[in-house]
Amino acid sequence: TVTLGAPKQGLFISQGPEYSGNIMAIDLSLGPPPENLARKLLLSDMWAKNLVLKPRRLSTHKAECGHALLIGGGKGMAGAINISAHAALRSGAGLVTAAFLDEGSTILPEIMSVQLQSSVLSKDFDKAIERADVIACGPGLGRTAQSTAVLEKLRSYTGVLVLDADALWTLAKSEINFSAKLTVLTPHIGEAALLLKCSTRELLDDVLAAACKIAKRYQVFTVLKAHSTIIACPNGDFAISAKPTPFLAGPGFGDALTGMIAAHIASSQIDGIDYHDAICLAVYHHAHAGLRAAALHGKATTATDLINSLCIEQS
C-alpha cells in the first residue's frame with residue numbers, strides 16, 4: 001500500500017489494517033509540521049531505531065533501574081498478576097514486587113511478594129508502596145470491597161500509577177481522585193466504553209477519538225488496547241502502534257503490557273527517556289514480541305509465549 005507524504009492514521013485504526021498491505025510512504029519533502037500541532041507518532045521500526053537509550057554503566061545497581069509494584073491477584077486470578085510481574089521483570093525493572101489480594105505466590109524466585117488477603121492496612125503493604133517507583137494495579141484485582149479499599153489506599157500515592165482491568169471498573173464507578181504525579185490508564189474497548197459511559201459500538205466508530213477523550217477527561221496517559229494500540233496524552237499528542245495481530249486476542253496479553261509499561265517507566269530515568277517514550281516503547285516491544293510469538297505458535301500463542309519472546313536491549 002503506497003501512501004504519499006507520510007503514513008495516514010486511517011491505515012492503522014478501525015478497518016484500515018484489513019484493507020492495507022505492507023505500507024510504503026513516499027517522501028514529498030513537505031518539511032516538519034507546525035510546532036503548535038499535536039505530536040502524532042507511528043510506532044514504527046524507524047521510530048524505535050531513532051529512540052536512543054543511555055547505556056547502562058558497568059557499576060549499575062538494581063535500585064537505579066526502578067522498583068515496580070504490581071497489585072492484583074484476587075480469588076482465582078493469581079495468574080494475572082504473575083503475568084504482569086513476569087513481564088515487568090523481563091522488561092528491565094530492577095526490582096519487582098507482586099501484591100496478592102487472595103492466597104497466591106509468585107511463579108519466579110526473582111519476584112518478591114506481599115499477601116493482602118487479611119487487610120490492605122498491613123505494614124508490609126505500606127512498605128511496598130513506599131519503596132515503589134511505579135505501581136500498577138488491576139490485573140486480577142476483582143470487583144470487591146477489598147479491591148475498592150486498595151484504590152482508596154493508593155489515593156495518596158505520589159509516584160507513577162498504572163491502572164488496568166478491574167481497577168478501571170472501580171475508577172469508572174467511583175471516579176477516585178489520585179495524587180500520583182502521572183497516571184496511566186490501559187483499557188481495552190469494553191473498559192474504555194465504561195470510562196466514557198458510552199456503548200462499545202459508539203466507541204468503535206472512532207477509537208482514536210475515544211482514547212483522546214479519556215486522556216483529556218481524566219487528565220491521564222491512555223493506552224487503548226485495540227488491534228492497533230493507541231497511546232493518547234492529555235495535551236492532544238497521540239501515538240499508534242503499527243503492528244496489529246489477531247493472535248493477541250486472548251487472556252493475559254493486556255496483563256503483560258501493564259507489567260511492561262510499569263517496568264519501562266520504572267527504568268526510564270536510567271535509560272534517559274521521558275515517560276511518554278517509555279510508555280510508547282513498552283507498547284512497541286509488546287507488539288513485536290507478540291508477532292515473534294505468533295510466528296511460532298499461531299492461534300495457540302499465550303501471554304507467556306509473548307513474554308518469552310521479549311528481546312529488549314538494555315545495554
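Trainee: What should α11 span at 1.5 Å a residue, and how far apart are its end C-alpha atoms?
Mentor: This is a predicted model, so keep that in mind. The 23 residues of α11 should span 33 Å at 1.5 Å a residue. The end C-alpha atoms are 32 Å apart, which agrees.

Trainee: Is α11 mostly covered or mostly open?
Mentor: Mostly covered. In α11, 17 of the 23 residues are buried.

Trainee: What caps the N-terminal end?
Mentor: Asp274 does, at α11. One of its side-chain oxygens sits 3.3 Å from the backbone nitrogen of His276.

Trainee: And what comes just after α11?
Mentor: Gly298, with a positive phi of about 55°.

Trainee: New topic. How much space lies in the second largest pocket?
Mentor: About 600 Å³. It has 30 lining residues, and the closest to the centre are Lys225, Leu248, Gly250, Phe253 and Gly254.

Trainee: Which helices supply at least two residues of that lining?
Mentor: α2 (78-89), α9 (253-266) and α11 (275-297) each do. The largest share, 4 residues, comes from α9.

Trainee: What's the lining like by class?
Mentor: It has 14 nonpolar, 11 polar and 5 charged residues.

Trainee: Now the strands. How do β7 and β8 run?
Mentor: Parallel, with 4 bridges joining β7 (residues 134-137) to β8. Val134 has Val160 of β8 as its bridge partner.

Trainee: Which β8 residues are on each side?
Mentor: Val160 and Val162 are on one side, Leu161 and Leu163 on the other.

Technical notes. Residues are numbered from 1 along each chain as its sequence is written. This is a predicted model: local features need pLDDT of at least 70, side-chain atom pairs count only at pLDDT 80 or more; totals for chains, interfaces and linings use all residues. Side-chain values use heavy atoms; hydrogens and water are left out. On a 1 Å grid over the protein atoms alone, a cavity is a set of points where a 1.4 Å probe fits but cannot get out, and a pocket is an open set with protein on both sides within 12 Å along at least five of seven lines; lining residues have an atom within 4 Å of a point. Grid points are joined across faces, edges and corners, and a volume is the space filled by probe spheres set on the points. Ala, Val, Leu, Ile, Met, Phe, Trp, Tyr, Cys and Pro count as nonpolar, Asp, Glu, Lys and Arg as charged, and the others, Gly among them, as polar. The expected span of a helix is 1.5 Å times one less than its number of residues. Buried means under 20% relative accessible area, exposed over 50%, partly exposed in between (1.4 Å probe, protein chains only). A polar contact is a pair of N or O atoms within 3.5 Å; within protein, one must be able to donate a hydrogen and the other to accept it, and residues adjacent in sequence count only if both atoms are side-chain atoms. Two strands pair if DSSP finds at least two bridges between them.
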